[in-house]
Amino acid sequence: MIAKEGFVDVTGGRVWFRRFGDSSQMPVLILHGGPGSASDYMQPLAERLGKHRPAIVYDQLGCGRADHPDDDSLWTVDRSVEELDQVREALDLDECYLLGHSWGGWLSIDYMAREPQGIEKLVLASTSASIPQFMAEARKLIDAMPEPARSTIIELGAREEFDNPDYLAAVDVFYHRHLNRMDPWPTPIRTEKTADTRPYQVMNGPTEFDVIGRLATWDRTADLHKITVPTLITVGRYDEITPACAETIHQGVRNSRVVLFENSAHLAHLEEGERYAQVVEEFLSAPA
């Protein structure tokens, strides 16, 4: 597997990228989750896709190997969209496919709703078009959790005791049910448990389901019709961003279909890695 890496100048600093594969086929640009995570956990998928086409991941500003500026004004959707354009321009991705996972999916939806040129196909992985819908669905998952985890999350969360050891232990139960069901969790994969990072705190909040930051009211449901390219929506049966969220995207994007991964939570590209890559590659390589 040929991998090339380097840095790209963007607003606020530099981001790091890695390119897998050297095929002449249409490349796919992969957006990781968080916000505040890094691309490590998406690289196994990029390696698999790189057997067929160039697959590029990058650590967004404030993440992983990218620069970590001390400026909270940078952590916005608008700047992240600008960064995506800057990465595409620097890496000569005038025409490419786009795959966004979780927060990367929210970013992809916001980006595509602005009707950019050159994105030929779109994969939206374990994501939603609305943070309020996602939070409402996550609350349903919490209500279905075993005791005492359910009550602990509800009661201590209401008191904003997010650092309480009992709360953190209960959140860990949620993560093992709805984030990643593998046991043990794979290494050196970085999951989206990134609450100790500044971009995550500013944009998201203290946990996956306590979205109280700048993303709290983000909702692009009404703009989904602006996405006109062929779109694949993937979701895990036990996903924290539930199949109901995937269905909302499907209803809004005319040229779309949903694939449900029955044995996965939020990280189907790891939990069912070979099948996931096969599904995505078959979608990308099929005639538009």
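Here's a quick briefing on the overall fold, Ser128 and the cysteines. This is a predicted model, where local features need pLDDT of at least 70, side-chain atom pairs count only at pLDDT 80 or more, and totals for chains, interfaces and linings use all residues. Residues are numbered from 1 along each chain as its sequence is written, and side-chain values use heavy atoms, with hydrogens and water left out.

**Overall fold**
- The protein chain has 10 helices and eight strands (DSSP runs, H or I of at least four residues for helices and E of at least two for strands, numbered from the N terminus).
- Its C-alpha trace spans about 55 × 40 × 40 Å along the principal axes.
- Of the 288 residues, 59% count as buried (under 20% relative accessible area, with a 1.4 Å probe and protein chains only).

**Around Ser128**
- Ser128 sits in the loop between β6 (119–125) and α4 (131–143), and is buried at a relative accessible area of 0%.
- Leaving aside neighbours within four places in sequence, Ser128 is in contact (heavy atoms within 4.5 Å) with residues including Trp106, Phe134, Trp218 and Cys245.

**Cysteines**

Methods:
Buried < 20%, exposed > 50% of the residue type's maximum accessible area, 1.4 Å probe, protein only.
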